[in-house]
Amino acid sequence: MEFFSHQTNFQFMATRKVWFGLSIVLMIASFVLLFTRGLNLAIDFTGGVTVQATFPTSADLSAVRQKVAAAGFSDAVVEYVGTSRTIAVRLPPEPHQTSTQLRTRMENALKQVNSGATVQSLSVVGPQVGSQLEKSAGWALAFTLLFIFLYIAWRFHTWRLSLGAILAVLHDPILVLGFFALTQISFDLNVVAAVLAVIGYSLNDTVVVFDRIRERFEGNRRLAPNVVLDQAINQTLSRTIMTKVVTSIVVVALLVLGGPVLRGFSAALLIGILAGTYSSIYISSAIALECGLTAEHIFPSARKAAADELP
Amino acid sequence: MLEYARWKYFLIAAVLALGLLFALPNVFGQDPALQLAHADHSAVTSAETHVVTSFLQQRKIPFRRAYVQNGRLIVRFANVPDQLRGSDAIDGQFKKQYISAKTLVPRTPGWLRALGLKPMPLGLDLSGGLDLLYQVDIKSAVRQILQTYTQDASRALADAKVPVAGIADVAIDGSALPNTIQITLAPNANLATAQRALADPLRGLTINTSTGSGGALIQATMPAAKILARENYAIEQNISILRNRANQLGVSEPKVERQGNDRIDVQLPGVQNMAEVKHLLGQTATLEFHLNDMENNAFEAQQSGNVPLGDKLYTDTSMGIPVLLKREVIATGDQLTNATVGQSQQGPAVNITLDSRAGESMLRTTKQNVGKQMGVVLITKHTETRKVDGKQVTRQVTTEKVINDATIDGVFADRFQISGLTLGEAQDLAILLRSGSFVTPISLVSENIIGPSLGAANIHMGMMALIIGMAGVLMFMALYYKVFGLVADAVLVANVVLLTALLSMMHASLSLPGIAGIILTVGIAVDANVLIYERIREELRKGVTPQAAIRAGFEKAFSAIADSNVTTAIAGLVLWIFGTGAIRGFAVVLTLGIATSMFTSLMGSRAVVTLMYGGRRKIARLHI
């Protein structure tokens, strides 16, 4: 079985302005969504409320959910804790109410399910946790980009490929964030991990293409750069598609079977992998070409060798 | 002919065998269990096992096994509902004797345990439990030490009879918090006398003096290193207090660790009674130093019940004997500024530093009482919730005990040693003293409780995703690459085994994002194989011989595999360093997964392919 029985020969570089345009439109759309709708930040970032309550007999979770919603608590998560007589209700932050007011409201709602219900504890998670998380995620992103820029510049002898890789890699998480703003899927800590992992995977593809560009240039330094780039992308195309299909299989398994905790995480990975495939084919090499990439940048000694051949 | 060095085969075989061994303990699963410990840490005897088991039998609660391990009674159950029923019943019947904790006990067979092999411990999201995140108020720790300096300085100046116009804490050099004591002397004050008086109390501070029109200005600044040391001390102190208390809960493996700059994360697997635990962790402790009453006999007082006037009867916890202490307090714990483990001529000791007021009081007392004994009393306060006639009753409980009783060897003031201890005793005492001294306030910034049924559901879902995802990948690879796909499949399975082995060796706890990391690694590990096989196909299309195609495939794919994996590993390592909790768990798996997949794809798959095609002189065609 093969996706491409013959070597493909798509003209990726010739149409690069179209793809740049598409990417810019998608990124602008993502930013607009981020600023207008915003992310549906989870309790990890915003802080929130947890209520623990006991019932004289086993608590009926669906009845509890219904009464809690009727009492005006939206987005409440209800589950058993320890025994079936103890439940926990998790709520988004309620900044305009004191914990005593929350407690009374919650207790009244639970007493409609069973008059013997009592609230055991109520705790409010402070928002300061989130601000520190945002800071460390920002640093993680900055350091990842810096180290990757340096590594590619070192391995391929040119900042042009580094820049192409970094811009392509920034493009992907922006689209993922845009997707989360659009769908309003809860954005929690796991999603942050997924977004940062997406950077790693997107790079993986880009670097494989770069490796082939290096090899093509080595074989024939006189070929026009846009021809070499097209050849490199075409020659790695079946691998790019194949790897993405396989990775998507496991991510879809996670999305469907992994349960609610991992849903946002797997969605972010899936979107990120799609965006990463696109950007490594259409964006990263094209940017290097725009920056004037030639064989001489990757093989600095070629400059000297060419000079030697002059009469 | 394809060749592959013989030692590489041996290396691969050895790594695989070791990997299988280390990964093996994970396949047996875990039993939900109850762990019963005595409140005073004394060992549970096997005779008690019988009492508990017959009680469970009488209540018709089925259990698997009950035995004593490390002085604690472990009762294993077949499932979580049995465990919960057992827990409720035992708590009702044996509340006074035991501290009970729900836990998970691995079903690893004895011979593996004898080799010291253990499965990965489960994270709280899989085992259920309580996660508390505390924030340490390090600002108040710095403020407090500056205030002590200020008090000492003003007392020293008053003693030296230097008139002072003003003394204040200020922030200089762009510091966000006060870091400097600013003393303005009266116009008629003698600067040299003031400097001499301040030399001792302000030792270690950077002192700047300037003379103005009003009077001399002395600024004493805490160096940044000292502030950092104070902040670290505040966090370490709270960590030791929390760890001490978490251990007293009887939880099987409590985890108390620093998180980031000023946070402490407390993980208590199996704990569900949030309110009670929070009270226990939040209890306050204080210390008092008292002289012993050497004229009266403590044993007599204990037996007769007649405690001499002005005395109080205590029990020395380390000796288990009664002690009579005078009621007069020499110094209290909030006057203690530091307690560290040190060395004396008699071996390990605890170095104690008091503030100047307590130092003076200590000096006065020790001058008159050399050769007599002094006791250290630890007073703890906590709220206790108990069921009385079916109602929850909360009351404040205060316990007082003598933790140390030693002879005064000489005259001392604010710095002294408690010696005659073993290293372990010295460490414990330093922790206890610190926990009874000024404690930097902490606040609970986040708490998370996961029920055991939710944990079990998470394990189930994670494992399902892993099995289905992996089966999909294995099938797809076999279809797409035929024989070579099967090689890739074998390599993939070996990769999961090696990754599991590495994680077990590191004793990294497995969380749901960690399982996601393993699943993802399966997807990623395929990539190296795909790169190699696509290259082989390419070479075959060029018309080279199968053997040459295989060789070229492996060699030419190497640089792409190496570079692309290094860049992904950079992202993984940065996440590992910056991430906390779940993110770090994911990053650890991701990074290790890259390492194992490089090994299995480059070395393992080459070995298998060479074994298959290497010996044959002529191959008609490759099934790829």
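What is the mean pLDDT of chain A, and what percentage of its residues reach 70 or more? The mean pLDDT of chain A is 82, and 86% of its residues reach 70 or more. Here pLDDT is the predictor's confidence in each residue, on a scale from 0 to 100. This is a predicted model, in which local features need pLDDT of at least 70, side-chain atom pairs count only at pLDDT 80 or more, and totals for chains, interfaces and linings use all residues. Residues are numbered from 1 along each chain as its sequence is written, while chains are lettered from A and ligands numbered from 1 in the order in which they are written.

Start with confidence. The model scores ipTM 0.79 and pTM 0.74. In chain A, helix α1 (residues 16–36) has the highest mean pLDDT of the elements, 92. Helix α12 (residues 300–309) of chain A has the lowest, 51. Helices (H or I, at least four residues) and strands (E, at least two) are DSSP runs, numbered from the N terminus. Over residues 302–311 of chain A, pLDDT stays under 50. Where pLDDT is low, the predicted coordinates should not be read in detail.

Now chain B. Its mean pLDDT is 82, and 91% of its residues reach 70 or more. The domain assignment of chain B gives domain 1 (6–25 + 453–613), domain 2 (30–106), domain 3 (129–282) and domain 4 (284–439). Such bounds come from an automatic or database domain assignment. The centres of domain 1 and domain 3 of chain B, taken over C-alpha atoms, lie 51 Å apart.

Next, look at two helix pairs inside chain B. Helix α14 (residues 512–542) and helix α15 (residues 546–578) of chain B have axes that come within 8 Å and cross at roughly 135°. Axes are lines fitted to C-alpha atoms, for helices over the stretch in contact, and angles run from 0 to 180 degrees between N-to-C directions. α14(B) and α15(B) are therefore oblique to each other. Angles under 35 degrees count as roughly parallel, over 145 as roughly antiparallel, 65 to 115 as roughly perpendicular and the rest as oblique. The residues of this contact divide into 13 nonpolar, one polar and three charged. Ala, Val, Leu, Ile, Met, Phe, Trp, Tyr, Cys and Pro count as nonpolar, Asp, Glu, Lys and Arg as charged, and the others, Gly among them, as polar.

The second pair is α6 (residues 138–159) and α7 (residues 191–199) of chain B. These helices pack at an angle of about 130°, with axes 9 Å apart. That makes α6(B) oblique to α7(B). Ala153(B), Ala156(B), Leu157(B) and Asp159(B) of α6(B) meet Ala194(B), Ala197(B) and Leu198(B) of α7(B). Six of the residues in this contact are nonpolar, none is polar and one is charged.

Finally, see where the chains meet. 57 residues of chain A are in contact with 59 residues of chain B. Two residues are in contact if their C-beta atoms, placed from the backbone, lie within 7 Å. The largest share of chain A's side, 14 residues, comes from α7(A). That side divides into 33 nonpolar, 20 polar and four charged residues. α7(A) packs on α15(B) at an angle of about 160°, with the axes 8 Å apart. α7(A) and α15(B) are therefore roughly antiparallel to each other. Their contact includes Leu196(A) and Tyr201(A) of α7(A), and Thr567(B) and Leu575(B) of α15(B). By class, it has eleven nonpolar, seven polar and two charged residues.
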